[in-house]
Amino acid sequence: MTDLVTGADGLARCRWGGSTPDYAVYHDEEWGRPLHGDDALYERLTLEAFQSGLSWLTILRKRPAFRLAFDGFRLETVAGYGDPEVARLMADAGIVRNRAKIDAAIANARAALDLPDGLAALLWSFAPAARAARPRSFAEVPAITLESTAMAKALRKRGFRFVGPTTAYALMQATGMVDDHLDGCHVKPPAAAVMG
C-alpha cells in the first residue's frame, strides 16, 4: 500500500488527505503551509490540544463552532474569560466539552499574552531547518522531535497546558514549521507555495 493516493481530480495526495472531502480541502489548502500571527497560532495550538485523544476530523468538523464559541480565538478576549464563559462553553454541544481542555485554552491565552515577543515568535523559534527532501513514506515521519520536545518544555515552563511533544509536533506540521507532505504529493513545498 502506498502512502500517496490519487483523487478523482487526478491529484496525488498524502493518503490521509484523500480519505474524506474535509481532509482533502484541509490537506490541499492549510496543512503544512506557514502560518503566522499570535491569534492564528493560538487557534491551532488550542485545537491541537482539544484533539488529544480524538480524531483530527472531529475537530476539523467542529472548527466553525469552536471559532464561534471562542470569539475567533482572539487572545485578549479569551484571556478575559471567567466562570460565565466557562459555563457557556461547557453547555455548547458544538464543541468538545472537556473542562480541563477549556481551562487550558483560557490559561494558554493568558500565558500567550505574557510572552514578551508574542506567541508566534516563541513557536517559530523552534522550527527546524528544512529537510533536504520530503519524506517518501509516513514511516519516515516522526511523532516527536528534539524541536517539538523543546517547544513543549518551553511552553509548559511559561504556564501553557496540554502541550506535550506530540501535540507540539502536530502543531509544527499543521502550521508549516515542518513540511511532512510526502514526496510526490501535489501540494508544493512551503518555499514554493504562494501564501495569502
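**Basis and confidence**

Residues are numbered from 1 along each chain as its sequence is written, and side-chain values use heavy atoms, with hydrogens and water left out. Because the model is predicted, local features need pLDDT of at least 70 and side-chain atom pairs count only at pLDDT 80 or more, while totals for chains, interfaces and linings use all residues.

Residues 192-196 fall below 50. Beyond near neighbours in sequence, that stretch has 5 contacts in the model (contact means heavy atoms within 4.5 Å).

**Helix pairs**

Two packed helices are described by the angle between their axes and the distance between the axes. Helices (H or I, at least four residues) are DSSP runs, numbered from the N terminus. Axes are lines fitted to C-alpha atoms over the stretch in contact, and angles run from 0 to 180 degrees between N-to-C directions.

Take helix 2 (residues 38-51) and helix 6 (residues 99-113). Their axes come within 10 Å and cross at roughly 155°. The pair is therefore roughly antiparallel, a label for angles over 145 degrees. Helix 2 contributes Y42, T46, A49 and F50 to the contact; helix 6 contributes K101, I102, A105, I106, N108 and A109. By class, these residues divide into 7 nonpolar, 2 polar and 1 charged. Here Ala, Val, Leu, Ile, Met, Phe, Trp, Tyr, Cys and Pro count as nonpolar, Asp, Glu, Lys and Arg as charged, and the others, Gly among them, as polar.

Helix 8 and helix 9 pack at about 110°, with axes 8 Å apart. They are therefore roughly perpendicular, the term for 65 to 115 degrees. Helix 8 passes helix 9 in a right-handed crossing. On helix 8 the contact uses E147, S148, T149, M151, A152 and R156. On helix 9 it uses P165, A168, Y169, L171 and M172. The classes are 7 nonpolar, 2 polar and 2 charged.

**Positive phi in two loops**

Most residues other than glycine have a negative phi. F73 has a positive phi near 60°. F73 lies in the loop between helix 3 (56-69) and helix 4 (75-79). F162 also has a positive phi, of about 55°. F162 sits in the loop between helix 8 (146-157) and helix 9 (165-174).

**Accessibility**

Buried means under 20% relative accessible area, exposed over 50%, and partly exposed in between (1.4 Å probe, protein chains only).

| Residue | Relative accessible area | Class |
|---|---|---|
| F73 | 0% | buried |
| F162 | 34% | partly exposed |
| D28 | 14% | buried |
| G118 | 10% | buried |

D28 belongs to helix 1 (residues 21-29). Not counting residues up to four places away in sequence, D28 touches R13, R33, H186 and V187.

G118 is placed in the loop between helix 6 and helix 7 (119-124). G118 and D3 are 115 residues apart along the chain. Their C-alpha atoms are separated by 37 Å.

Conventions. Angles under 35 degrees count as roughly parallel, over 145 as roughly antiparallel, 65 to 115 as roughly perpendicular and the rest as oblique. pLDDT is the predictor's confidence in each residue, from 0 to 100. A crossing is left-handed if the near helix is turned anticlockwise from the far one by less than a right angle, and right-handed if clockwise.
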